[in-house]
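I opened my notebook to get to know a new structure. Here is what I looked up, one entry at a time.

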Amino acid sequence: MRSNLEVADIFRSVGPAYRAAHAGHLSLAQLKVMSAIETCRTAALGGHVEACQDCGHWRVAYNSCRNRHCPKCQGAAARTWLAEREADLLPVGYFHVVFTLPAEVADIAWQNKALVYDLLFKAAAQTMLTIAADPRHLGARIGITAVLHTWGSAMTHHPHVHMIVPGGGIAPDASRWISSRPAFLLPVRVLGALFRRLFLTRLNALHDAGKLAFFGSLTDLTERRTFQRHLAPARKKRWVVYAKPPFAGPEAVLAYLSRYTHRVAISNRRLIAFDANGVTLRYKDYRRDGPERQRVMTLTANEFIRRFLLHVLPRGFHRIRHYGLLASAARHDNLALARRLLPVTPEVEAEAPEPEAEPDTCAPCPCCGGRMIVIETFPRWSQPRAPPRPSPPIRERAA
């Protein structure tokens, strides 16, 4: 049974005390996220009144915070982004590849988010582009859409990058499309070895340049020898690169992207209860298989907020990036070339349609399904002047 509990309810209840108890230890970005979630769709952000043109039903709708970490605001953003990406899909199989940082590096990433997350993106993308271009493997220029996730299912810090990659690419001389094997893109062990080398080399360069900061238990890592000892286990272990089987068509790719591109650390639907014992939520334990994988855990409210705030990204940091054929500068030309090289019927340009009226942004009337229109707006920290009278429908009154 779905609960009506929201992350915002927890933040509104416990947030003020949490801020007071951790004053001076929360970043400005974390404080802004807390404030945005607490005020989202409340009178603090203002709103409008909608009324049905048929039955006269009315409702008050408060404005959204539109913060990218807010669980309630990402649905609309994902739909808009997906509509733009749908035109980029090619009629080929798509693969899902995941690059994950080992625990020794994840600790450093948490204290140097902007630098290390950016390095994760660049090292993973360069790894894919380099191995794909190698004639011993695919021998082609590929396209990549990459999405950063920093959490595990239990909201712990677990930085990794999800990639959606078309099953093939354009030959170096741009003369043909080179397809990958039906269920195989690139060897994951080769990818893992190159990813480890590229990442650690650049991480050491950042340390030598004095760009990494260390606090608390990691303070000793400022000394180069200690830093190298800390990374020694990571140099010896295998870095995980996971390649899933290809999707079952473009629609499946879009369905996947809609779940992953604008996801936050936890969605409201995973919350079960919030009481004196803490916050009870669902999570997946990937060490188990079958029905045992779905688990339930209870965290104290303070621990829940702490884990949520672990995943606040630095201001201006882009968590969705495109590489290779899909890089913004040449995406349009590359996709046009790919479609010419693939056996795709070119789309006939239709005549420009006549301008239509702006689409309705209000949800249909819950009573009769009629069209809802905005009849009043009100500013922040205000309420509607007066509720509309539930008398005859708007059309009849206007007549």
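I started with alanine 243: setting aside neighbours within four places in sequence, I found alanine 243 in contact with His96, Val97 and Val188. Contact here means heavy atoms within 4.5 Å. This is a predicted model, where local features need pLDDT of at least 70, side-chain atom pairs count only at pLDDT 80 or more, and totals for chains, interfaces and linings use all residues. Residues are numbered from 1 along each chain as its sequence is written, and side-chain values use heavy atoms, with hydrogens and water left out.

Next I checked how open alanine 243 is. I noted alanine 243 as partly exposed because its relative accessibility is 33%; buried means under 20% relative accessible area, exposed over 50%, and partly exposed in between (1.4 Å probe, protein chains only).

Methionine 163 is 80 residues from alanine 243 in sequence, and their C-alpha atoms are 9.3 Å apart in space.

Last, I followed phenylalanine 195. Not counting residues up to four places away in sequence, I saw that phenylalanine 195 touches Phe99, Thr100, Leu101, Leu120, Ala123, Ala124, Thr127 and Trp239.
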